[in-house]
Every structure is written in structure tokens, then in C-alpha cells.
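Thanks for coming. Please have a look at the sequence and the model first.

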Amino acid sequence: FPGLCDSCRMELFFNPFDNLVCILLGISFTVWFTLLLVFIIVPAIFGVSFGIRRLYMKTLLKVFEWATLRIERGAKEKNHLLYKPYSNAIIAKEPTSLEEEIKEIRRSGSNKDLDSATEFELSDIFYFARRGVESIMDDEVTKRFTAEELKSWNLLTRSNYNFHYISLRLTVLWGLGLLIRYGFLLPLRVTLAFTGVGLLVFLTSVVGLLPNGRMKNFLSEKVHLMCYRICVRALTAIITYHDSENKPKNGGICVANHTSPIDVIILASDGCYAMVGQIHGGLMGVIQRSMVKACPHIWFERSEVKDRHLVAKRLSDHVEDKSKLPILIFPEGTCINNTSVMMFKKGSFEIGATVYPVAIKYDPRFGDAFWNSSKFGMVNYLLRMMSSWAIVCSVWYLPPMSREEGEDAVQFANRVKAAIARQGGLVDLLWDGGLKRAKVKDTFKEEQQKLYSKMLVGTQEDRSRS
């Protein structure tokens with residue numbers, strides 16, 4: 001091109017390549033969003049599934065089994081010891097009472113018959129010393145706030161104590177899994193998460209402009225279900241719901257065991273609930289303000305949360321209106337690692353409404369759903385969830401339960417908790433989940449002291465007889 005400067009010649013030379021890159025990027029984004037729309041968003045709107053996620057889950061299980069066998073074989077060839085997680089506890093314990101155990105200690109340490117002795121014996125100290133050492137070695141509470149241990153490897157270094165070089169094939173498989181999770185699944189899931197949350201904020205704000213009535217309630221329900229189902233797909237969540245005939249109904253309270261913040265999404269993708277929580281700022285505050293426009297959720301100011309009477313009044317007013325959605329509550333008040341159920345707070349059981357228990361059990365082989373809030377922030381936790389293979393869980397809807405005559409709120413809460421633990425295959429513990437960050441209350445110590453005192457001096461009735 002005679003007469004053109006060097007810069008003009010260079011621009012003409014590179015322009016075709018720039019146009020080609022733009023065309024390729026445009027085609028890539030078009031294909032990407034078309035696949036999202038056809039295979040994820042549209043099925044989420046209508047609540048259908050093509051079965052791709054379940055096929056993906058079965059394929060992963062076969063890969064995990066092969067990887068675990070390969071690790072065991074490699075360790076045997078190199079004479080390496082493998083770490084084996086314990087199943088239930090380090091120390092075998094038999095359910096015996098304080099009095100029975102102390103009598104057994106007295107019998108083994110003396111030739112005299114001390115079964116009926118009511119005086120202090122120095123050997124009694126051994127019972128309390130042994131129980132103290134047992135609690136240090138095998139603490140029932142602390143281990144409920146750490147990740148559940150796996151018996152097989154799921155190709156995540158974060159979940160395997162035996163991870164080291166075994167073979168080239170296994171290392172290549174791990175590297176391929178890393179590429180799939182962070183190069184394909186993570187961007188896809190982040191896109192879906194922003195899509196679901198964005199649609200939730202926008203559509204609930206639009207629905208909130210409609211006058212109260214059946215049409216608004218209908219649209220609000222459809223919008224919430226659609227957006228939560230998109231968010232479920234953002235986690236590649238594979239959920240199996242059991243006994244749907246027991247699903248919570250309007251005017252009731254749904255209570256469930258609590259493992260993760262995503263428990264809300266897991267349940268809300270199968271039915272609509274009125275949420276209960278504290279008002280937040282930032283992005284969470286934007287979501288809360290938009291949701292409450294379309295549906296009567298119950299949000300409290302920070303200063304109101306500790307006012308038990310105010311909270312109970314708000315909950316009671318909600319359940320008395322049978323046209324309002326059931327309230328969703330997690331009575332443990334903190335996240336537990338999906339191996340057990342801890343003490344239920346009695347507040348939601350004092351209202352007198354019908355309680356609909358729900359048991360949630362996650363399969364840790366595909367990804368650990370437990371949120372250890374003292375170790376990971378919310379953003380870090382969500383990134384770990386989205387970079388896992390999948391979230392697989394089962395949900396059981398239990399028959400509705402009501403407070404029986406002569407039963408107080410604590411007894412009712414314990415009965416519901418026992419039913420959830422039994423159905424979900426979880427350990428039923430009496431400990432308060434608040435021990436995650438607080439010290440043991442003096443009442444627990446005093447209870448043991450009272451039991452020992454009762455054994456020595458007897459009850460008031462026994463003393464009056466003597």
C-alpha cells in the first residue's frame with residue numbers, strides 16, 4: 001500500500017485477526033448462555049431434570065472407588081500405613097449411671113460389701129478422674145464442629161490424610177479433576193449463582209409492586225421456587241426428597257437440623273417458606289429487602305433479636321394466619337457437622353403451633369457441606385462448595401407433631417429432635433451447640449454434683465424415713 005505510513009499498514013494487517021477474535025468470543029458466549037438456558041434455567045423454571053446430575057454422580061462414585069483402591073494398593077506395595085478415620089468414638093462407653101459405676105469401683109477395691117455405703121470413699125475420685133480423661137480424649141462436643149472424616153478418597157486434597165504421590169495415573173486423574181472443577185464447574189456455578197440471586201432480587205421487587213392477593217402469592221411462590229432451583233444447580237446439588245405427603249403446610253413451623261447455610265436453599269427449592277433472621281447490610285440486606293416485598297418473611301433488627309417476648313409474638317402472629325407460609329427455623333442455632341443433632345432451643349416450641357420436623361443428611365463423599373464458621377468466612381466457604389464435585393443429600397419430611405398434654409417446651413423440643421436424629425441416622429446429643437464458642441454452664445457441673453450428693457446422703461424422703 002504505497003503512500004501509507006507504517007502504523008496504518010500494521011493496523012490493516014492486524015484488523016482481520018481482531019475481528020476473528022471478536023467473532024469467536026461472540027460465538028462462545030452465545031453457545032455458553034444457550035446451553036445454560038436450555039439445560040439449566042428452563043428446567044429450573046418448570047422443576048424438571050434431565051437426569052444429567054445423577055449420571056454424573058454415579059460416574060464420580062466409580063472413579064472414587066478406583067482411586068481409593070489404587071491408594072490402598074500403592075500403600076501396601078510401599079509398606080505405608082494408611083490413616084483410618086474412627087467411625088463413632090475412640091473410647092467404648094456403656095450407658096451406665098454414676099451410682100452404678102461408683103459401686104463397681106468400690107466393689108473392685110474392697111472386700112467389704114459397699115453397695116449400701118453412704119459415706120465418701122477415696123476411690124470415688126477415680127470415677128471423676130476417668131470421666132475427665134475420657135472427655136479430653138474423646139470430646140462429644142468439639143468433634144461435632146470439625147469436618148466429617150471420609151473412609152474413601154474423593155480426589156480432593158482437602159479431604160484426604162493419605163494424599164501423596166502413588167502413581168502417574170492417579171496423579172494425572174487428580175490433575176484432570178482439578179482442571180474440571182476450577183476450569184469448567186466453578187465458572188459455570190458462579191454464573192448460575194449470580195443469575196439466580198439477580199433474578200431473585202429483580203423479580204421479587206417486581207412482584208412486590210402488585211397489590212396483595214392470590215395472584216401476588218402465586219407469582220411470589222413461582223419466582224422463589226425458580227430462583228432457588230437455579231441456585232441449587234449452581235452447587236450441582238443432587239437432592240432426594242422422601243415422604244413429600246408430610247411437607248409443611250401454611251400456619252405451621254418447619255424445624256430441621258442445621259449443617260450449612262445452604263440448608264435454606266435445599267429446602268426452599270422444594271417448597272416455599274417464610275424465613276426468620278436478623279436484618280443485614282450489604283448484598284444480603286438487598287436480598288432481604290427485595291424478598292420481603294413479595295412474601296411476608298420475618299426479619300428482626302439487631303436490637304430486637306435478644307427480646308424473646310418480641311420474637312415469640314412475631315412468630316405467633318404469623319402462624320395464627322393460616323394463609324401465610326410455614327416458618328422455617330433451625331433450632332440448634334449453629335451449624336453441626338452432619339454427624340449429630342444438638343440441643344434445640346425451646347423458643348419455637350413454646351408457641352403452640354404444629355411442628356413439621358425435617359431431617360437433612362448430606363453425603364460427604366462428593367463435598368463437605370458443613371460450614372465451620374470459626375475457620376472459614378462465608379465467601380471462602382461458598383467457593384469451597386462451588387469447587388467441590390457436588391452436593392448430594394437426602395431430605396425426609398416427618399409426620400407433623402404437636403405438643404402433648406402436660407409436656408413442656410423443652411420436652412417437646414427433645415422429642416422432635418430425637419425423631420429427626422433417628423430418621424437421619426444422626427447421633428442425638430443433649431449438649432448445647434452454643435458450646436462451640438462458649439464455656440460449659442455451671443448448671444451442667446452442678447447436675448453431676450447433685451447426683452453424687454444424692455447417692456451419698458439420699459433424698460429428703462430417704463432421710464425422713466431414717
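This is a predicted model: local features need pLDDT of at least 70, side-chain atom pairs count only at pLDDT 80 or more; totals for chains, interfaces and linings use all residues.

Start at Ala 256, whose bridge partner in β7 is Val 358. Strands β2 and β7 run parallel and are joined by four bridges. On the β5 side, β2 again pairs in the parallel sense, here over three bridges, with β5 covering residues 327–329. In that pairing Cys 254 stands opposite Leu 328 of β5.

Which way do the β2 side chains point? Ile 253 and Val 255 point one way, and Cys 254 and Ala 256 the other way. All four of these residues are buried.

Now the sheet as a whole. What is the strand order? Seven strands form an open sheet, and the order is β1-β8-β7-β2-β5-β3-β4, with mixed pairing. At the edges stand β1, residues 237–242, and β4, residues 298–300; each has a single partner strand, so one side of each has no neighbour in the sheet. From one strand to the next, the twist averages 25°.

The antiparallel part I want to show is β7 with β8. Residues 355–363 make up β7 and residues 391–397 make up β8, and six bridges connect the two in the antiparallel sense. Val 358 turns up again here: its bridge partner in β8 is Tyr 397. So far, then, Val 358 has been paired with Ala 256 and with Tyr 397.

Helix α11, residues 409–424, lies across β2, β7 and β8. Its direction is at about 35° to β7.

Next, the packing. Nonpolar side chains tend to be buried together in soluble globular proteins. In this chain the largest nonpolar core has 52 residues. Ile 262, Leu 267, Met 275, Val 358, Tyr 362 and Val 395 are the ones with the most contacts inside it. There is also a second, separate core of 26 residues, which includes Val 341, Val 355, Ile 420 and Leu 426.

Leu 267 is found in helix α7, residues 263–268. Is Leu 267 buried or exposed? Its relative accessibility is 0%, so Leu 267 counts as buried. And what does Leu 267 touch beyond its neighbours within four places in sequence? The contacts are Ala 256, Tyr 273, Leu 328, Phe 330, Val 358, Ile 360 and Val 395. That list brings back Ala 256 and Val 358, the bridge partners we started from. Between Leu 267 and Ala 256 there are 9.5 Å, C-alpha to C-alpha, for a separation of 11 residues in sequence.

Helix α5, residues 168–207, packs with helix α10, residues 378–386, at an angle of about 125°, and their axes are 9 Å apart. The two helices are therefore oblique to each other. From α5, the residues in the contact are Leu 186, Arg 189, Val 190 and Ala 193; from α10, they are Leu 383, Met 385 and Met 386. By type, that contact has six nonpolar residues, no polar ones and one charged.

Last, the totals. The chain has 13 helices and nine strands. Of its 466 residues, 39% are buried. Taking contacts between residues at least 6 apart in sequence, 77% join residues at least 24 apart. That is the tour; I will take questions.

Conventions. Residues are numbered from 1 along each chain as its sequence is written. Side-chain values use heavy atoms; hydrogens and water are left out. Axes are lines fitted to C-alpha atoms, for helices over the stretch in contact, and angles run from 0 to 180 degrees between N-to-C directions. Angles under 35 degrees count as roughly parallel, over 145 as roughly antiparallel, 65 to 115 as roughly perpendicular and the rest as oblique. Contact means heavy atoms within 4.5 Å. Ala, Val, Leu, Ile, Met, Phe, Trp, Tyr, Cys and Pro count as nonpolar, Asp, Glu, Lys and Arg as charged, and the others, Gly among them, as polar. Two strands pair if DSSP finds at least two bridges between them. A nonpolar core is a set of buried Ala, Val, Leu, Ile, Met, Phe, Trp, Tyr and Cys residues joined through side-chain atoms within 4.5 Å. Buried means under 20% relative accessible area, exposed over 50%, partly exposed in between (1.4 Å probe, protein chains only).
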